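The following note sets out numbered points for a colleague who has the sequence and the coordinates at hand.

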Amino acid sequence: MKRTQSAPVLVRGGLVHDAVHRKPYVADVLLADGKIAAIGEGLDAPEGGEVVDAAGLEVYPGFVDAHTHIGLDGSGIGYEGRDYNEMNDICSPQLRGIDGVNPRDPSFAAARTAGVTCVCTGPGSANVLGGTFVALKTVGERVDDMVVRDPVAMKCAFGENPKRVYREKCDSTRMSTAAILRGALAAARDYGERKRAAAGDASKLPAYNQKWEALLPVLDGTIPLKAHAHQANDIFTALRIAHEFGVRITLEHVTEGHLIADELAAEEGVPMAVGPTLTHASKFELQNKSWSTPGVLDRAGCHVSIITDNSVIPQQYLPLCAGMAVKAGMDPFSALRAITINPAEHIGVAERVGSLEVGKDADLVICDGSPFEVMTEVRAVFIDGVRVAEA
């Protein structure tokens, strides 16, 4: 990732919420060469650098959203900027979210101004298989220079969306949706086995198939399926198919997760991204939408992130969604982790972002209070040690 390096920055005397330790503490944070260089009390001001007085303010890791369509669903525009759903092919694993992102979309500026510094974006849920998601920083002119990880996951979808979009063509039931996904995974598995059996002999290689090539990283465990599923039955179908093929999976939306929390807690190691909840229940499968869902799943022992599904919820309201979960009973520290380190783990970038720890990317938010509160103001945001927003 190409980023202009800035002079070192010492953020002095703020109340640090590092998303690692439950209890916040007063400390200095040194940013240098795009990384967090040190955290502690009484750090020396860097020569030739900037000192930011954070006394009386609160310091957080940059917020992370594990599931958005930012940059693919244009803000303030119609069809011309609507690049998140391919509507002509229900099985489109060969599509790559990175190829649809517009870094100049206003949603990116709104995101980083609110402290959302890393997002995972990609195709929508019209297709049984929609293509790959990419993890990005929220600043940049060229998407290639914003990438944290690509690909992150392969989008698949269950429930109402595929059967609604393709009901006149090829998919009018949940059974058909599951069968299409199984068929694609089985065909890709066979394709991969024939490639391996060829052992480098070009004459024995199967004919190139772009769709099945795109699914090979799912089958070998390099990336997970990113499964759109709201209803409990759809969640279980997603898990059933993942178990059948021995592939990794993350659950996205999990709207009825609070109804099956104990069952989901038994699915050890499956990350769950909950949301978007700051919206009307616009379809039947959302009838049990609740702000209590993230907290119920967290208390059951699940790995929980909170998401906006931007543009369903504007990206800048991610911290407020966490605040609403706290209001509904979620532990505040768990809610902080649900918009920082948990989503970073969910999308496989926790070695770089999601917490304030030495060696990680210098993505940092300075607020005059809790970001969960609607009246709190963001005073400054740094991405890779560069100030990208200030009050």
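1. Glutamate 213 has a relative accessible area of 22% in this predicted model, and is therefore classed as partly exposed, since that class lies between the 20% limit for buried and the 50% limit for exposed residues. Its salt-bridge partner is lysine 195, with the closest N and O atoms 2.7 Å apart. Because glutamate 213 belongs to helix α4 and lysine 195 to helix α3, the pair ties together parts that are 18 residues apart in sequence. Lysine 195, at 30% relative accessibility, is likewise counted as partly exposed.

2. Helix α3 covers residues 174-198 and helix α4 residues 210-219; their axes are 9 Å apart, at an angle of about 90 degrees. The angle makes α3 roughly perpendicular to α4, because values from 65 to 115 degrees fall in that class. On the α3 side the contact involves Ala184, Leu185, Ala187, Ala188, Arg189, Tyr191, Gly192 and Lys195, and on the α4 side Trp212, Glu213, Leu215, Leu216 and Leu219. By class, the residues of this contact are nine nonpolar, one polar and three charged.

3. How do α3 and helix α5 cross, and at what angle? The axes of α3 and α5 (residues 232-245) come within 11 Å and cross at roughly 20 degrees. This makes α3 roughly parallel to α5, because the angle is under the limit of 35 degrees. The crossing of the two helices is right-handed. Helix α3 contributes Arg174, Ala178, Leu181, Arg182, Leu185, Ala186 and Arg189, while α5 contributes Asn233, Asp234, Thr237, Arg240, Ile241, Glu244 and Phe245. The contact of α3 with α5 comprises six nonpolar, two polar and six charged residues.

4. Side chains of opposite charge can pair when their charged atoms come close. The model contains 21 salt bridges. One of them joins arginine 104 and glutamate 141, at 2.9 Å from N to O. Arginine 104 is in the loop between β6 (63-68) and α1 (106-113), and glutamate 141 is in the loop between β8 (129-137) and β9 (147-157). The pair thus links distant parts of the chain, 37 residues apart. Both arginine 104 and glutamate 141 are exposed.

5. Is lysine 360 buried or exposed? Lysine 360 counts as buried at 8% relative accessibility, because the limit for that class is under 20%. Lysine 360 forms a salt bridge with glutamate 357, whose closest approach, N to O, is 3.3 Å. Glutamate 357, with a relative accessible area of 32%, is partly exposed.

6. The last point concerns valine 134, a residue of strand β8. Valine 134 counts as buried, with a relative accessibility of 0%. Leaving aside residues up to four places away in sequence, valine 134 touches Gly97, Ile98, Val119, Cys120, Thr121, Val147, Arg149, Asp150 and Val152. The C-alpha atoms of valine 134 and valine 101 are 9.6 Å apart in space, and the two residues are 33 residues apart in sequence.

Key
Residues numbered from 1 in each chain as written. Predicted model: local features only at pLDDT ≥ 70, side-chain atom pairs only at ≥ 80, totals over all residues. Heavy atoms only, no water. Axes fitted to C-alpha atoms, helices over the stretch in contact; angles between N-to-C directions. Helix = DSSP H or I, 4+ residues; strand = E, 2+ residues; numbered from the N terminus. Parallel < 35°, antiparallel > 145°, perpendicular 65-115°, else oblique. Contact = heavy atoms within 4.5 Å. Nonpolar A, V, L, I, M, F, W, Y, C, P; charged D, E, K, R; others polar. Salt bridge = Lys/Arg side-chain N within 4 Å of Asp/Glu carboxyl O. Buried < 20%, exposed > 50% of the residue type's maximum accessible area, 1.4 Å probe, protein only. Left-handed = near helix turned anticlockwise from the far one by under 90°.
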